[in-house]
Amino acid sequence: MSTTQAVAAPAAKRTFQGNDKLLTGIVLGVLTFWLFAGTVGTIARAILTDINGGPIDDIATPLVSLNQMNLAVSITALFSGLFIVVFGGLADRIGRVKIAMAGNVLNIVGSLLLALASGSAALPMLLTGRALQGLSAACIMPATMALVKTYWDGPQRQRAVSMWSIGSWGGSGIAALFGGFVASAYDWRVIFYVSIVVSLVAIWLMRGTPESKADAGSHRRLDLPGLAVFMVTVLALMIVLIFGRQIGWGSPLTLALGIVAVVGAVVFVRIERSREVPFIDFALFKNTTFTGATLSNFLLNGTIGLLIVSQQMLQIARPEMFDPWRAGLLTIGYAVAIIAFIRVGEKLLRRFGPRKPMLWGSGIVGLACLALIPTNVLVGQYQVLAIVSYTLFGIGLAFYATPSTDAALSNLPPAQAGAGAGIYKMASSLGGAIGAAISLTIFTSFLGPGVSIVGDLLVTQGIHTNEAVRQAGAVTFLFNLVIVVVSIVSILVTVPKGRKYNED
């Protein structure tokens with residue numbers, strides 16, 4: 001979301017009303033992140049196999065390593081989270097249409113780099129392309145939501161917001177299914193060529209839209225020192241999480257990066273508390289409801305690692321049975337549930353207030369984790385568990401989404417609504433990036449020989465040659481269950497019962 005409120009210039013408001021052409025362009029722009037960029041977690045193994053010229057385990061010196069691919073998976077959400085507040089504020093200053101257009105251009109460049117990634121340049125092209133996709137999302141999401149708030153009113157605005165939400169939630173729901181189908185039936189690069197076409201169409205549909213800016217008096221100065229320290233801190237943390245095992249947990253480089261992350265966090269807090277207009281306004285966290293909703297939002301978004309790792313585990317454990325398409329097909333319940341139950345979460349909010357549906361949604365996500373943990377069972381039984389788990393995952397997130405957003409933002413003062421929305425949305429993206437990075441690190445760490453859980457504590461059914469992969473999956477899903485428990489605790493401690501909000 002934007003760092004300022006989405007207030008239209010009065011002249012633009014009088015002379016232009018949103019139409020279906022503009023709305024279609026907005027939704028297509030939103031899909032470039034949630035649908036096309038979101039496929040990489042599912043098709044990561046196919047990308048590795050293609051770029052390296054064979055399965056990663058059979059290549060002595062791969063062009064792109066497994067850890068480097070994990071970074072490519074996570075870096076898009078990371079860059080989106082780091083810059084979404086910045087570009088939201090920039091859209092308010094120079095124009096939301098301009099920033100939305102720029103976001104689509106960034107997606108075109110990023111997708112082209114991904115589609116052309118090969119040979120010795122594959123890794124830099126892959127990482128640069130994914131980073132540009134993250135920057136694209138950081139432009140498109142706040143700018144398009146501000147346009148929806150500006151150019152639609154009343155019931156038409158509600159319809160436009162619903163279409164925007166379907167683009168994001170629906171896109172994320174079918175990403176694994178769509179990516180798996182294209183990668184298996186055609187070529188994974190086709191996904192990103194299609195993404196380029198979608199961005200071009202979005203630009204064409206949005207062309208000619210009157211510019212929209214915030215009132216000049218509502219502009220906020222960009223906190224460059226705070227942003228710089230924040231970026232260094234988060235990037236150091238991500239490098240440790242993804243490459244710590246490869247570099248060595250006790251190596252000087254890993255320890256130095258860990259120190260940078262810790263010191264950076266301390267310095268960042270001190271800088272922000274001294275700034276008149278901070279990058280992250282810590283005064284917002286005096287409101288315990290906002291704090292709890294934002295923290296639980298960060299944590300539950302972190303469970304995206306559940307989906308990414310389970311898809312990779314199936315493809316590694318039984319490649320003869322699960323290509324990206326067949327593995328992605330198991331997620332159809334997730335796609336249906338997350339779209340179908342979004343409005344149910346809204347109705348639960350109206351009836352019970354935010355606390356109960358947030359708890360119910362988190363609890364259902366916890367059940368999804370539990371359903372995936374028994375990786376020792378036969379593959380036929382596990383397919384059923386996976387289908388049930390993905391469906392529960394979609395239901396849980398759908399129950400949680402609207403009540404959590406309402407709890408975070410509804411009782412903030414109007415002057416803080418834009419800043420609060422930016423922080424809340426940043427928590428979503430960073431939670432997904434960090435959660436996916438940790439889950440993938442745990443998964444790859446347990447792929448090799450060492451601690452044995454599946455086969456010792458759990459009785460392996462069926463073939464035994466893939467015990468390490470099953471073990472890696474089980475430990476990762478258990479970690480995600482811990483994340484959900486912490487999220488539930490944060491809601492219980494901070495979000496008040498019933499319909500009453502804190503008035504901090």
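Which side chain meets that of Arg350 in a salt bridge? In this predicted model, the partner is Glu346, and the N to O distance is 2.6 Å. To see how the two find each other, look at helix H15, which covers residues 342-352. Arg350 and Glu346 are 4 residues apart in that helix, so about one helical turn separates them. Their surroundings are worth a look too. Arg350 has a relative accessible area of 56%, so it counts as exposed, because the cut-off for that word is over 50%. Glu346, in contrast, has 18% relative accessibility and counts as buried, since buried means under 20%.

Why do such pairs form at all? Side chains of opposite charge can pair when their charged atoms come close.

Another of them joins Arg189 to Asp50, with the closest N and O atoms 2.9 Å apart. Arg189 is buried, at a relative accessible area of 15%. Asp50, with 35% relative accessibility, is partly exposed.

Now turn to Asp92 and Arg96, whose side chains also meet in a salt bridge, at 2.9 Å from N to O. Are these two residues buried or exposed? Asp92 is buried, and Arg96 is buried as well.

Conventions: Residues are numbered from 1 along each chain as its sequence is written. This is a predicted model: local features need pLDDT of at least 70, side-chain atom pairs count only at pLDDT 80 or more; totals for chains, interfaces and linings use all residues. Side-chain values use heavy atoms; hydrogens and water are left out. A salt bridge is a side-chain nitrogen of Lys or Arg within 4 Å of a carboxyl oxygen of Asp or Glu. Buried means under 20% relative accessible area, exposed over 50%, partly exposed in between (1.4 Å probe, protein chains only).
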